[in-house]
Amino acid sequence: MEPMHLRTDRLHLRRWRPEDLEPFADLNADPVVMEFFPRTLSRAESDAFADRIEQHFEEHGFGLWAVEVVDGGEFAGYVGLWSATFDASFTPAVEVGWRIARRFWGRGLAPEGARTVVADGFDRLGLPGIVSFTSVINTRSRRVMEKIGMSHDPGEDFDHPAVAANSPLRPHVLYRLTPADLDRG
Ligand SMILES: CC(C)(COP(=O)(O)OP(=O)(O)OC[C@H]1O[C@@H](n2cnc3c(N)ncnc32)[C@H](O)[C@@H]1OP(=O)(O)O)[C@@H](O)C(=O)NCCC(=O)NCCS
């Protein structure tokens with residue numbers, strides 16, 4: 001049986017394949033894509049991350065889907081759900097996240113994938129809520145959170161414990177989404 005996957009108008013969200021590793025490493029080595037992360041990833045680190053993603057699917061039944069653009073079949077990055085377990089007031093929680101190769105930016109692919117991913121989280125997985133977080137200064141990612149109807153309470157902003165104390169990337173925003181938000185949208 002084919003492993004589970006999700007489909008949107010323009011995207012296949014599917015499990016990872018060996019041929020994704022090279023374009024995934026290119027994306028993780030792009031300093032513009034990685035602007036709001038402490039640093040870019042080496043090929044070995046990128047491959048190890050892809051392994052952790054597949055492991056997460058096996059353990060939880062959900063994860064960061066490999067994004068394939070239906071028109072042309074190219075690998076574009078990931079969109080999916082992930083267990084956030086680091087120490088914070090809102091954890092443990094399930095987060096929605098995304099990372100898309102630069103040449104695909106600006107077509108609304110991340111929000112399109114994310115809408116389907118959060119619907120799957122509520123419908124199939126029965127999650128009561130989904131969070132998303134990023135550095136305060138990551139406007140692009142915050143736009144995706146806003147486009148999919150997430151809400152931001154500044155009172156829940158936090159310093160990410162895994163980011164160095166003096167880094168401009170440490171202050172984070174927290175956005176939330178519940179099934180009721182989707183019904184209203
Ligand atoms: C955040 C990200 C996934 C958005 O993906 P996308 O498919 O381009 O999403 P959208 O097309 O809806 O664009 C979202 C915002 O990105 C910005 N953006 C879009 N195209 C852009 C481009 N070519 N150059 C710079 N910024 C751009 C805009 O602010 C846009 O908001 P707008 O539509 O209101 O103008 C993508 O920018 C990315 O992978 N960034 C790096 C990884 C990252 O930061 N992930 C989140 C970590 S928490």
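Biologist: Which residues point one way from S3, and which point the other way?

Modeller: This is a predicted model, in which local features need pLDDT of at least 70 and side-chain atom pairs count only at pLDDT 80 or more, while totals for chains, interfaces and linings use all residues. Residues are numbered from 1 along each chain as its sequence is written, and side-chain values use heavy atoms, with hydrogens and water left out. In a regular strand the side chains alternate between the two faces of the sheet. From S3, one way point Leu64, Ala66 and Glu68, and the other way point Trp65, Val67 and Val69.

Biologist: How many of the residues of strand S3 are buried?

Modeller: Helices (H or I, at least four residues) and strands (E, at least two) are DSSP runs, numbered from the N terminus. Buried means under 20% relative accessible area, exposed over 50%, and partly exposed in between, with a 1.4 Å probe and protein chains only. Strand S3 covers residues 64–69 and is largely enclosed by the rest of the structure, because the number of its residues that are buried is 6 of the 6.

Biologist: Which residue in S4 is the bridge partner of alanine 66?

Modeller: Two strands pair if DSSP finds at least two bridges between them. S3 and strand S4 (residues 75–84) run antiparallel and are joined by 5 bridges. They form a hairpin with 5 residues between them, and glycine 72 in the turn has a positive phi of about 110°. Across this pairing, the partner of alanine 66 is tyrosine 78.

Biologist: Which residue in S3 is the bridge partner of histidine 12?

Modeller: Strand S2 (residues 11–14) is joined to S3 by 4 bridges, and the two run antiparallel. Histidine 12 has as its partner in S3 glutamate 68.

Biologist: Which residue stands opposite histidine 12 on the S1 side?

Modeller: Strand S1 (residues 6–7) runs antiparallel to S2, with 2 bridges between them. S1 and S2 form a hairpin with 3 residues between them. The residue opposite histidine 12 is arginine 7.

Biologist: What is the angle between the planes of phenylalanine 49 and tyrosine 78?

Modeller: Rings of Phe, Tyr and Trp (its six-membered ring) pair if their centres lie within 6.5 Å; planes under 30 degrees apart count as stacked, over 60 as edge-to-face and the rest as tilted. The whole structure holds 14 aromatic pairs. Phenylalanine 49 and tyrosine 78 form one that is edge-to-face, with 5.9 Å from centre to centre and an angle between the planes of 90°.

Biologist: How many residues apart in sequence are the parts that this pair ties together?

Modeller: Phenylalanine 49 is buried, with a relative accessible area of 10%, and tyrosine 78 is buried too, at 7%. Phenylalanine 49 lies in helix H2 (residues 43–60) and tyrosine 78 in strand S4, so the pair ties together parts whose separation in sequence is 29 residues.

Biologist: How far apart are the ring centres of phenylalanine 49 and tryptophan 82?

Modeller: Both phenylalanine 49 and tryptophan 82 are buried. One aromatic cluster is formed by Trp16, Phe24, Phe49, Phe75, Tyr78 and Trp82. The planes of phenylalanine 49 and tryptophan 82 stand at 85°, so the pair is edge-to-face, and the centres are apart by 6.4 Å.

Biologist: Which residues is valine 117 in contact with?

Modeller: A nonpolar core is a set of buried Ala, Val, Leu, Ile, Met, Phe, Trp, Tyr and Cys residues joined through side-chain atoms within 4.5 Å. The largest one has 45 residues, and valine 117 is among those with the most contacts inside it. Contact means heavy atoms within 4.5 Å. Leaving aside neighbours within four places in sequence, valine 117 is in contact with Leu6, Leu13, Trp65, Val79, Gly80, Leu81 and Val96.

Biologist: Around the axis of helix H4, what arc do the buried residues cover?

Modeller: In H4 (residues 139–147), Ser141, Arg142, Val144 and Met145 are buried. The arc is that of the directions from the helix axis to the C-beta atoms. These residues lie on the same side of H4, because they cover an arc of only 155°.

Biologist: Which residues does leucine 109 touch?

Modeller: Leucine 109 has its place in helix H3 and is buried, with a relative accessible area of 4%. The C-alpha atoms of leucine 109 and threonine 8 are separated by 9.6 Å, although these residues are 101 residues apart along the chain. Not counting residues up to four places away in sequence, leucine 109 touches Arg10, Leu11, Val69 and Phe104.
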